[in-house]
Amino acid sequence: MGETRRIIIPVMGMTKAGKSSFINKAASLPKEKQAELEVGANLAPCTKKLQDIETEGLLSEYPSLMRHRLVFVDTPGFDDDEFSDYELLQFIADHLKESYRNGDLLGGVLYLHDISRDGFTGTPKKNLKLFDRLCGENSMFKVVLVTTKWGRQTAEDDYGKREKELEDVHWASLIASGAITMRLTKPDNASAIEVVNEVLRRYVEPESRGRRLQDQILQIQRELVAEKKYLRQTEAAKALREELEKLQDIEAKLQRAESEGGAKIEDLKARDDKAGQLERQIAEFKLNIAQRAGSILKRWFR
Ligand SMILES: Nc1nc2c(ncn2[C@@H]2O[C@H](COP(=O)(O)OP(=O)(O)OP(=O)(O)O)[C@@H](O)[C@H]2O)c(=O)[nH]1
Ligand SMILES: [Mg+2]
């Protein structure tokens, strides 16, 4: 018998995707514990800091894992109003780094997506890109992309079509690298338990594509611990910088247009379709004074 270790499963995804609800169900938390893991009742993001949730009983069917403890890591989404994306990346990176240093094992990673949400531009794209760079190609086979809120589908909706678009377009490269997709369709905790069992089943497989699955860690953990990189040198931070540069480019265009003709965003939108696109991009990135791309770039990437 070896020592007891923690097997962690980080649960990521956009704000309100259903991450905390999922953990409540998967861990079958008793009522008093559920209160600790707040589920959002309104639109504001609910989970601010990363939180470890210890579980009991989920490993009992896996003889080789029985001595370990399964722990979910609840995370905030990269679309929080209070913290900048870089601050959120810092919270997540610190937590994952510490976890790896303390000898935790990476059971798998879940990325939750609200299937009732229409469209896949701006913020959802940025979220997914950051997730992709946090994990890296080598740990993609530990990823399950989980669609939530299937119960909201009405006769007019076709969530199956949305799911197909996710699989064929937005998630295609993750799936090609080994990620799988699953649906949360059942109202009780049955679907959530199925997802956890799929993660664990894959985890105990001796190897896949010539690699020992259990040894694979996340790209950001390797970068920060083994390669001793600073956070800003990691692939995830680079992806974030690319997004901020896009934002800076939009801001510059806007300023140029305003100084040339004194035009307002509404006027620009009315003038031609290209500017309309610009306006949409601004809305998507929630461009505001507090999060001006230029100042953020100067602050973090000198
Ligand atoms: N119909 C339906 N509603 C869900 C499901 N999962 C979560 N919800 C609801 O969606 C809202 C957000 O759920 P949370 O679990 O707080 O989502 P979260 O991803 O933890 O949100 P943040 O912590 O704010 O990032 C709550 O009102 C939940 O009741 C689901 O599978 N089906
Ligand atoms: Mg939450």
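Mentor: Phe 22 and Phe 72 are both buried (under 20% relative accessible area; exposed is over 50%, partly exposed in between; 1.4 Å probe, protein chains only). The model is predicted: local features need pLDDT of at least 70, side-chain atom pairs need 80 or more, and totals for chains, interfaces and linings use all residues. Side-chain values use heavy atoms without hydrogens or water, residues count from 1 along each chain as its sequence is written, and chains are lettered from A and ligands numbered from 1 as written.

Now the rings. The structure has four aromatic pairs (ring centres within 6.5 Å for Phe, Tyr and the six-membered ring of Trp; planes under 30 degrees apart are stacked, over 60 edge-to-face, the rest tilted). Phe 22 and Phe 72 make an edge-to-face pair, because their centres are 6.3 Å apart and their planes stand at 90°. Phe 22 belongs to helix α1 (residues 19–26) and Phe 72 to strand β3 (residues 69–74), so the pair ties together parts 50 residues apart in sequence. Helices (H or I, at least four residues) and strands (E, at least two) are DSSP runs, numbered from the N terminus.

Another edge-to-face pair joins Phe 83 and Phe 91, at 5.0 Å between centres and 85° between planes. Phe 83 has 14% relative accessibility, so it counts as buried. Phe 91 is at 23%, which means partly exposed. The charged end of Lys 49 sits over the Phe 91 ring, 5.1 Å from its centre (NZ of Lys or CZ of Arg within 6 Å of the centre and within 35 degrees of the ring normal). Arg 232 lies over the face of Tyr 230, 5.1 Å from that ring centre.

Back to α1. Six of its eight residues are buried, so the helix is mostly covered. They are Lys 19, Ser 20, Phe 22, Ile 23, Asn 24 and Ala 26. Ser 28 follows α1 and has a positive phi, near 45°. Lys 16 is partly exposed, at 24% relative accessibility. Most residues other than glycine have a negative phi.

Next, the packing. The largest nonpolar core has 41 residues; Leu 89, Phe 131, Val 143 and Ile 220 touch the most other members. A core is a set of buried Ala, Val, Leu, Ile, Met, Phe, Trp, Tyr and Cys residues joined through side-chain atoms within 4.5 Å. Helix α3 (residues 85–101) gives the most to this core: six residues. Domain 1 (6–229) and domain 2 (233–300) both contribute residues, so the core lies between them; the bounds come from an automatic or database assignment. Ile 220 touches Leu 89, Ala 93, Leu 96, Leu 134, Leu 231, Thr 234 and Ala 236, leaving out residues up to four places away in sequence (contact: heavy atoms within 4.5 Å). Apart from this core lies another, of 28 residues, among them Ala 17, Leu 110, Val 196 and Leu 200.

Last, a loop. Asn 138 sits between α4 (122–135) and β6 (143–148). Asn 138 is partly exposed, at 36%. Its C-alpha is 7.9 Å from that of Leu 218, which is 80 residues away along the chain.
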